[in-house]
Amino acid sequence: MRSPFDLNLATLERLSVVVQGVTNVGKTHLIGDMLKHEEQFGPIRFLDVKGEKGWTTISHMGWPKDISETIENATDVQDFAADCIRHKVHAVGLDGLRLLYNHVLVAQVQSNLKNAGQVRLPDANLDGDRSKTYWSNGRFLMEQAITALKTAVNVLVATSTSAVDVHEVTGNKSIAPDIYGKMGSGLTGLFDFAGYMTSAPLGPGRVAYNVSFEVRSDVQTRQRLAVPLTEPIILPSGLGGWALIKAAFQQGLRKGAK
């Protein structure tokens, strides 16, 4: 379907963000921070991937009923996205992209009757040439699921753990979302912004948090801004970090911003 748009218009009315980082740096907390901030603008939802259960770190924030659920495959995400459209959901937090892709790949293996019930990744030794189809279908389904979700809502923030990745095009090693195969490099391209979150102890009861969207040689990042960010965004230990991130994005969208 053809849809005209104004090329001169730059807003944050719709945006998708993936935040990667090692465990215990505050990724799920940032999702909670985002949802608490965005609920003033419309309905919110929290998606937990089966096996992740990271929501316990934000359960104390005080949430409306019926905004959270657990999903485990691409079909679940597609169905959820359709529900978001029907109910005009404004913002979604998706916690656990690595596990979601794991489930998608396992489902590909199990789609073959001979492999029904087997919980494993596609394997050329066991699946022959069919394994290539499993990997290709898995990536396609993951891309379609994320695309459906980010186009169904105004704000999508998703998380992933990090790992050292060899880029599928450049061959360079860098930190990327910890996703099997080429999906590690490909995942950042599905989102408007891809950030790397870190934390460091400063002393008793004090922790420094930041998230990087600027261009880096050691980390795969992404930002769609007229004036790119050039340094990490420092986040508070409590709430308010998401508001700072949005403000930095908005500043980068403005013509002549510095």
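Predicted model: local features only at pLDDT ≥ 70, side-chain atom pairs only at ≥ 80, totals over all residues.
How many salt bridges does a search of the whole structure find? It finds nine. Two further ones are worth a stop.

**Inside helix α5**

Select glutamate 143 and arginine 139. Their closest N and O atoms are 3.1 Å apart, in a salt bridge. Both residues lie in helix α5, four residues apart, about one turn of the helix. An α-helix has 3.6 residues a turn, so residues three or four places apart point the same way. Glutamate 143 is partly exposed at 23% relative accessible area. Arginine 139 is partly exposed too, at 21% relative accessibility.

Next, pick lysine 246 and glutamate 38. Are they buried or exposed? Both are buried. They form a salt bridge, with the closest N and O atoms 3.0 Å apart. Lysine 246 belongs to helix α7 and glutamate 38 to helix α1, 208 residues apart in the chain.

Stay on α7 and select residues 241-253. At 1.5 Å a residue, these 13 residues should span 18 Å; the end C-alpha atoms are 19 Å apart, which agrees. Colour the buried residues of α7: Gly241, Trp242, Ile245, Lys246, Ala248, Phe249, Gly252 and Leu253. They cover an arc of only 160 degrees around the axis, so they are on the same side of α7. What covers them? The cover includes β1 (15-20), α1 (27-38), β5 (155-160), β8 (193-203), β9 (206-212) and β10 (233-235).

**Strand β5**

Follow that list to β5. Six of its six residues are buried. Both faces are covered: Val155, Val157 and Thr159 on one side, Leu156, Ala158 and Ser160 on the other. Show β1 beside β5. The two pair in the parallel sense over six bridges. Serine 16 has leucine 156 of β5 as its bridge partner. Now show β4, residues 91-95. β4 and β5 run parallel, joined by five bridges. Look for leucine 94, which stands opposite alanine 158 in β5.

**Helix α3 and the cores**

Move on to α3, residues 97-110. Its 14 residues should span 20 Å at 1.5 Å a residue; the end C-alpha atoms are 20 Å apart, which agrees. Buried residues in α3 include Leu97, Leu100, Tyr101 and Val104.

Zoom in on leucine 97. Beyond its neighbours within four places in sequence, leucine 97 is in contact with Val18, Met142, Ile146, Ala158, Thr159, Ser160, Ile179, Leu187 and Phe191.

Now select the largest nonpolar core, which has 32 residues. Which members touch the most others? They are Val92, Leu94, Leu97, Leu100, Leu149, Leu187 and Phe191. Elements giving two or more residues to this core are β2 (44-49), α2 (74-86), β4, α3, α5 (130-152), β5 and α6 (183-187). The largest share, six residues, comes from α5.

Notes. Residues numbered from 1 in each chain as written. Heavy atoms only, no water. Expected span 1.5 Å × (residues − 1). Buried < 20%, exposed > 50% of the residue type's maximum accessible area, 1.4 Å probe, protein only. Arc of directions from axis to C-beta. Contact = heavy atoms within 4.5 Å. Pairing = 2+ DSSP bridges. Core = buried A, V, L, I, M, F, W, Y, C linked by side-chain atoms within 4.5 Å. Salt bridge = Lys/Arg side-chain N within 4 Å of Asp/Glu carboxyl O.
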